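I opened my notebook to record what I looked up in this structure.

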Amino acid sequence: MKLVLVSFLLFCFLQNASGQVSGKLVTTSGQPIAFANVLLVSSIDSLLSRATLTNENGAYQLENVSHGFYILRLSNAGYISWESPVFAINDTQQRKDFGVLIMKENAKELGEVVVRSEKRLYQQKPEGIIVNVENSLLTKGSTALQVLERSPGVVINRRDNSIELNGKNGVMVMLNGKLVRMSMEQVVGLLDGMSADDIATIELLTTPPASYDAEGSAGLINIVLKKNRKQGTNGAVALTGGYGYGEKTIGSINLSHNKRDLNLYGSYTFSHNRTYSNMHVISRQNMPFLGGDVFVTGWFTSKAARNSHDATIGLDAKLNPNTSIGANITYNNSRNSPASFTDAAYNVLPDSVLQFTGDNRGANRWNNLVSSVYMEKTLRKVGKINADLDYLYFNNNDHYEVESSFINKQGVQAGTDQMLFAPRQKGVAHTTIQVGVAKIDYSRQVSKKTRLETGIKGAYTQSSSISGIQSLLNGVWTGSGQISNHIFMKEGIGALYASVNSQIDQTTSLVIGARYEYSSTEMEDQKTGENIATRKLGALFPGALLSKKINNESEFQLSYTKRISRPSYNDLASYVGYSDPTAVYTGNPFLKPTITNIIKLGYNYKTYSFSLQFSTDANAIVRYQLTESPARDMLFISPQNLKKLNTITFQTTLPLKVNNWWTMNYGFAGGIRQYKADYTKQPFEKSYFGYSLNFNQSFKMPGDLSAEVSGYYHSLSFDGSRKVKGFGVLNAGIKKELKNNGASFQISVSDILRKERYIIDYGSFTEEAFSIKSHVSFYPESSRFPIIKLSYSRLFGNNKAKVQRSAVTNDEQERIRIQ
């Protein structure tokens with residue numbers, strides 16, 4: 001089968017195409033219409049094939065058009081849009097000239113007002129929801145993580161540094177369609193230091209097609225960064241200052257220089273964020289190494305100051321009508337100085353009391369470099385080939401030192417001969433990750449109603465991690481194999497996919513495809529030379545999507561997809577981090593990958609969307625679960641596998657336009673979740689109903705003012721053996737646009753009511769390690785004081801135009817990829 005596919009690809013690559021579409025736009029008085037939008041879309045799937053603007057004479061010309069069936073769409077602010085009937089570009093008709101077309105004025109859009117084409121904030125697609133974050137006033141001055149947590153169905157847990165999508169773990173994050181191959185904690189840190197000003201859209205892909213990686217059992221979150229394609233030299237600068245518990249600053253600049261066949265672009269962002277959080281713990285457990293039943297109560301306070309730098313530089317070049325190339329480099333750097341303070345009492349029943357105070361200070365530094373090159377070439381007979389090469393380098397250095405006292409009522413130090421009871425500990429963690437990725441994608445129109453997409457991809461990852469804790473015992477720094485490691489991992493993943501898009505009739509389309517992935521993973525303990533894990537897995541991941549248009553306003557969709565979540569490097573490695581004298585954070589080398597099957601039924605009516613999704617997960621991964629060390633002398637906090645997880649999820653997005661100055665968007669994702677676990681002392685099953693609700697209301701006011709109120713609520717949920725209480729957040733902002741200079745001022749307030757908090761219970765419905773029953777209350781910075789930010793931004797170059805000549809329809813905007 002592989003030989004046949006390779007032979008077919010070679011045959012297809014030898015083909016060539018060079019169609020052309022041209023014409024001219026004029027007003028009713030015969031005057032040329034300059035800078036109007038010209039879009040050429042496929043009549044089969046409405047995907048954009050080519051796009052351009054009319055020149056000063058109103059003329060346009062689309063070169064290098066592949067053979068196929070198309071619709072031409074013409075639009076301009078202040079004029080009634082025009083759409084052509086379906087037409088063909090083929091061997092008998094290589095050129096299509098629409099001649100001179102007259103566009104009529106749209107009286108409703110005329111006048112001395114700024115005309116902008118705005119996409120809906122939320123848009124439903126077969127593969128998931130598209131969030132047009134540029135349309136949210138609160139984006140300015142926010143981080144990528146803050147914008148993401150306002151998106152439908154997304155839950156950010158700031159205590160665990162985790163991301164959920166529609167109530168499930170197993171999410172993979174992508175930047176511009178490329179997987180971020182780091183642990184979730186590192187990804188959260190990366191997004192928390194990234195300015196949201198650079199983001200165009202966020203794609204929440206719960207059922208992505210075969211052309212995407214199969215990784216991510218809960219789906220993919222693709223963050224698409226802005227790229228300015230306007231001719232000439234353009235740019236934007238933005239400054240943000242704010243305060244919550246501590247000061248916050250963000251400064252950014254974006255530049256682009258575009259000519260006919262060359263696009264140069266770059267950006268730089270600096271951010272500073274001083275944060276605060278505290279946590280209160282009440283716990284009861286039976287710990288033999290402390291003497292039996294223990295009652296613990298304590299406060300944990302954390303402070304940190306983070307400085308981040310993000311820079312991107314790239315170019316796109318059109319070598320000839322058939323060939324384009326490009327390259328870009330993105331660099332991220334973060335310096336964090338965390339400090340945490342602990343004051344806890346351990347009441348060893350019946351009457352022994354131990355008092356613990358701890359001062360944990362450290363420094364964390366990481367660097368992330370991503371470089372990419374690509375080539376796009378149009379071949380004969382409606383064929384097109386894309387080739388990409390990517391390289392990622394990530395380096396993280398983390399060190400800390402703990403000074404503590406653990407004394408009884410007489411002031412005598414407890415457990416002086418045990419590692420974690422020593423008055424001084426120090427820890428270190430050093431991680432290096434290198435990833436190389438190569439892929440080739442090929443697509444062609446094989447018939448009037450059928451399109452083929454296929455490709456091959458390979459990725460190689462090499463990771464090294466050194467971590468451990470040492471304690472000062474009798475004046476000597478001493479370590480233990482139980483709380484240290486030096487792990488080396490290498491992983492190779494190869495993938496091959498094919499997908500067929502068929503227009504069965506005018507109202508019915510079918511996309512069917514499959515992706516085969518083979519992975520080989522090896523982990524080795526560099527200290528002992530022992531092999532920790534060797535895993536080889538080959539699996540086929542099929543997918544299908546059936547769409548049926550009932551009329552011009554409604555459509556049904558039915559899809560099936562199969563996905564996988566492989567344990568991350570940190571999940572498998574026995575990474576060790578200090579928690580308190582009785583517990584450490586660690587990995588689990590026995591974790592299994594998660595295999596997920598998803599069936600989704602969707603219905604779209606006008607701008608409203610509804611979907612019902614059924615999924616089954618084998619070996620779903622849950623993190624921060626409690627287990628006992630083999631010697632029962634330490635508590636391990638580590639990831640574990642659930643035996644099974646079944647979910648039924650209903651999701652809807654409801655955009656509402658009250659009038660010309662007031663619009664609303666509501667999103668809901670919720671349903672029944674049922675799972676079974678056997679890693680606790682007593683196996684258990686759990687079923688519950690959980691949901692997430694979010695909303696956004698935008699107001700346009702006189703005097704170039706606009707305002708926005710947004711919020712979200714996450715209901716009570718369960719994560720493995722943990723019970724998590726629901727909470728909600730309310731945000732607001734107001735913006736003032738300055739006339740004629742492309743500038744604006746904006747003030748925003750996050751968590752106005754100070755309700756963001758994470759209340760977690762262990763042992764509430766099953767017996768935990770050491771029979772723990774604990775109540776954890778984590779309060780992030782905004783629960784102490786709302787975070788207020790003031791932003792100033794200004795556009796320059798062609799970006800300053802008073803009338804933004806972009807009247808592309810909602811559905812077309814997010815499909816645009818200039819080819």
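**Entry 1: helix H3**

I started with helix H3, residues 184-192. Seven of its nine residues are buried, so H3 is largely enclosed by the rest of the structure. Which residues of H3 are buried? I listed Met-184, Gln-186, Val-187, Val-188, Gly-189, Leu-190 and Leu-191. I keep in mind that this is a predicted model.

**Entry 2: the whole chain**

Next I stepped back to the chain. I counted five helices and 47 strands. The chain has 819 residues, and 52% of them are buried. Its accessible surface comes to about 35400 Å². Carbon and sulfur atoms hold 57% of that surface. I also looked at contacts between residues at least 6 apart in sequence: 66% of these join residues at least 24 apart.

**Entry 3: a six-stranded sheet**

I then traced an open sheet of six strands. Its order is S9-S10-S15-S16-S13-S14, and the pairing is mixed. Which strands are at the edges? They are S9 (122-125) and S14 (178-179), and each pairs on one side only. Inside the sheet I checked S13 (residues 171-175) against S16 (residues 219-225). These two run parallel and are joined by five bridges.

**Entry 4: a three-stranded sheet**

Another open sheet has three strands, in the order S4-S1-S8, again with mixed pairing. S4 (59-65) and S8 are its edge strands, each pairing on one side only. On average, neighbouring strands of this sheet are turned by 10° against each other, direction ignored. S1 (residues 19-26) runs parallel to S8, and six bridges join them. Lys-24 has Val-100 in S8 as its bridge partner.

**Entry 5: Met-103**

I moved on to the loop between S8 (95-102) and S9, where I found Met-103. Is Met-103 buried or exposed? Its relative accessible area is 3%, so Met-103 is buried. I looked up what it touches, leaving out residues up to four places away in sequence. The contacts of Met-103 include Leu-25, Val-26, Thr-27, Thr-28 and Ile-33. Leu-74, Tyr-79 and Ile-80 are also among them. Leu-25 is 78 residues from Met-103 in sequence, but their C-alpha atoms are 6.8 Å apart in space.

**Entry 6: aromatic rings**

I searched the whole structure for aromatic pairs and got 23. I took one of them, Tyr-585 with Tyr-624. Their ring centres are 6.1 Å apart and their planes stand at 80°, so the pair is edge-to-face. Tyr-585 lies in S32 (residues 583-585) and Tyr-624 in S35 (residues 621-628), so the pair ties together parts that are 39 residues apart in sequence. How accessible is each ring's residue? Tyr-585 is partly exposed, at 29% relative accessibility. Tyr-624 is buried, at 17%.

I also noted one aromatic cluster, formed by Phe-650, Phe-668, Phe-689, Tyr-691 and Tyr-713.

**Entry 7: charges over rings**

Which ring does the charged end of Lys-562 sit over? It is the ring of Phe-541, with the charged end 5.8 Å from the ring centre. I wrote down Arg-784 as well. Its charged end sits over the ring of Tyr-276, 4.7 Å from the centre.

**Entry 8: strand S20 and its partners**

How many bridges pair S20 with S19 (residues 262-287)? I found 26, in the antiparallel sense. Ser-271 has Ser-308 in S20 as its bridge partner. The hairpin of S19 and S20 has four residues between the strands, and there Gly-291 takes a positive phi near 110°.

S20 also runs antiparallel to S21 (residues 323-336), with 14 bridges joining them. The hairpin from S20 to S21 goes through two residues. For Arg-306, the bridge partner in S21 is Asn-336.

I checked S22 (residues 339-348) too. S20 and S22 pair in the antiparallel sense over 10 bridges. One of these partners is Ala-339 in S22, which is bridged to Lys-303.

Terms used. Residues numbered from 1 in each chain as written. Predicted model: local features only at pLDDT ≥ 70, side-chain atom pairs only at ≥ 80, totals over all residues. Heavy atoms only, no water. Buried < 20%, exposed > 50% of the residue type's maximum accessible area, 1.4 Å probe, protein only. Pairing = 2+ DSSP bridges. Contact = heavy atoms within 4.5 Å. Areas by Shrake-Rupley, 256 points an atom, 1.4 Å probe, with all protein chains shown as cover. Axes fitted to C-alpha atoms, helices over the stretch in contact; angles between N-to-C directions. Phe/Tyr/Trp six-rings, centres within 6.5 Å; stacked < 30°, edge-to-face > 60°. Lys NZ or Arg CZ within 6 Å of the ring centre and 35° of its normal.
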